[in-house]
Amino acid sequence: MLRALMAQLPDKESSFFEWYNEVLEVANVTDKRYPVKGVNVWTPFGFKAVSLMDRLIREKVIPLGYQEVCFPTLIPESELNKEAEHIKGFGEEVYWVTHGGRTELDIKLALRPTSETAMYPIFALWVRSHRDLPLQVFQIVNTFRYETKSTRPLIRVREIHFFEGHTVQLGDAEAESQARADLASFREIAKVLCLPYVMDRRPDWDKFPGAFYSIACDLPVGGNRTLQIGTVHHYSQNFAKPYGISYEDKDGARLVPSQTTYGISERLLGGTIAIHGDQKGLVWPSFVAPTQVVIIPIPGENDPAPLIARAEEVRAELLRTPLRVEIDATEGRPGAKYYAWEMKGVPLRIEIGRRELEEGTLSAVNRLGGRTKLAKGDTAAQVQAALAAYDVALTERARKSFATNVNIARDGPGVVAEKANLVGWCGEQTCAQEVEKRWGLSVLGRLEEAPEALSLGPAPPACIVCSKSGGAWSLAAKAL
Ligand SMILES: [Zn+2]
């Protein structure tokens with residue numbers, strides 16, 4: 001029975017997408033049966049995980065000076081049209097509200113695809129003097145994009161759960177510092193989620209519509225696929241000018257500020273599932289695990305009451321800390337319970353049998369199979385330590401598969417088309433097009449830093465297409 005259940009998940013290695021869709025379904029992260037394509041219902045379990053992701057983001061950005069706001073979902077067409085490149089970039093993906101009741105609206109209203117065009121007319125009113133800067137706000141809201149490519153839960157959706165940070169800065173240098181601070185906070189977020197990633201600067205033809213530059217974090221998710229899980233954009237004055245944002249400096253001169261944005265969506269959670277999940281189901285890093293610890297009494301042939309009482313006692317102790325804990329005292333074989341909780345990705349299982357009861361100890365097994373004995377004494381501290389050790393082991397496992405999935409190609413013949421590749425690239429679009437033609441891979445951008453899980457050596461190699469030196473290590477892969 002158990003084996004039959006476990007055989008349900010398709011092989012992650014060879015059938016990644018089938019595995020991904022199935023694991024979301026079986027573990028009940030989202031319900032895809034809603035009758036609009038590309039939108040998902042978050043279940044209580046899934047929404048807990050995404051709320052924990054939001055909590056992590058808030059914890060990392062609020063100390064940078066960001067304050068939380070909430071702007072309207074509806075944006076007048078006239079505001080959307082002010083930045084030409086921006087509307088060109090989103091034009092095909094915008095949902096329009098054309099009627100209020102039966103009345104046709106004078107000015108069509110867009111459902112925000114992102115909020116530059118909602119916020120910046122108001123920023124023009126808020127920003128008056130250099131004393132109003134920097135202005136740093138963020139919101140976590142749903143945004144809407146009519147995706148024409150095939151949709152996939154948490155990875156490509158039409159209603160997106162979206163964190164967007166927006167700042168207004170005195171000038172380009174201050175905006176540059178903000179972008180660096182945002183990227184540093186993203187590194188911390190990825191670290192908590194045990195995710196190795198590639199941070200790269202998008203080529204000009206692929207940057208965010210209207211941006212001066214865009215830096216993205218790409219997550220290799222197996223094969224030659226990568227998932228963009230976070231972006232930071234420097235806008236310089238590209239939005240401030242058309243939206244009429246200006247300030248008076250100390251000497252009374254009127255200046256145009258510089259701007260940045262920072263975006264993270266539910267894809268970060270999708271990527272976390274994609275990277276850590278395995279044939280047994282989800283594997284959550286401890287921070288975002290909806291349940292971090294499950295306590296399972298194992299009575300065998302004995303009276304379950306004292307074991308359940310002990311489990312309640314342990315839970316009460318753990319709940320005095322911020323740990324998220326459940327007891328599974330349902331009837332049924334322990335093996336079936338282990339299977340169910342493993343599918344849900346619970347990081348730590350505590351087993352209480354007769355022996356544990358007699359000794360006053362607890363047996364703990366983490367989601368990667370690591371087993372420890374918790375001694376009498378401060379159980380909460382030991383559980384926290386076990387979770388910390390589990391996160392370290394999870395990071396290590398993810399780094400190993402990162403090193404396997406990402407091929408370091410020092411020349412053309414070294415490229416492996418079935419993998420994500422780090423290659424030398426001169427920066428020319430013609431060479432990027434040639435990479436696409438020869439290997440079917442997109443040059444996603446020049447690395448901002450060497451990924452921690454790999455050693456690249458001091459100097460980037462010559463361009464894999466034109467052999468010119470002086471280029472940069474760059475990521476060539478298929479963006480999901
Ligand atoms: Zn080249």
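Which residue in S11 is the bridge partner of leucine 219? The partner is leucine 227. This is a predicted model, where local features need pLDDT of at least 70, side-chain atom pairs count only at pLDDT 80 or more, and totals for chains, interfaces and linings use all residues. Residues are numbered from 1 along each chain as its sequence is written. Helices (H or I, at least four residues) and strands (E, at least two) are DSSP runs, numbered from the N terminus.

- Strands pair if DSSP finds at least two bridges between them.
- S10 (residues 213-220) runs antiparallel to S11, with 8 bridges.
- These two strands form a hairpin with 4 residues between them. Glycine 222, in the turn, has a positive phi of about 105 degrees.
- S14 (residues 258-265) is antiparallel to S11 over 5 bridges. Here histidine 234 stands opposite threonine 260.
- S23 (residues 472-479) pairs with S11 in the parallel sense, over 2 bridges. Threonine 226 has alanine 479 as its bridge partner in S23.

**The largest nonpolar core**
- A nonpolar core is a set of buried Ala, Val, Leu, Ile, Met, Phe, Trp, Tyr and Cys residues joined through C-beta atoms within 7 Å.
- The largest one has 118 residues, of which Ile295, Leu348 and Val435 touch the most other members.
- Helix H12 (residues 379-405) gives the most to this core, with 7 residues.

Conventions. A residue is buried if 20 or more other C-beta atoms lie within 10 Å of its own, exposed if 12 or fewer, and partly exposed in between; C-beta atoms are placed from the backbone.
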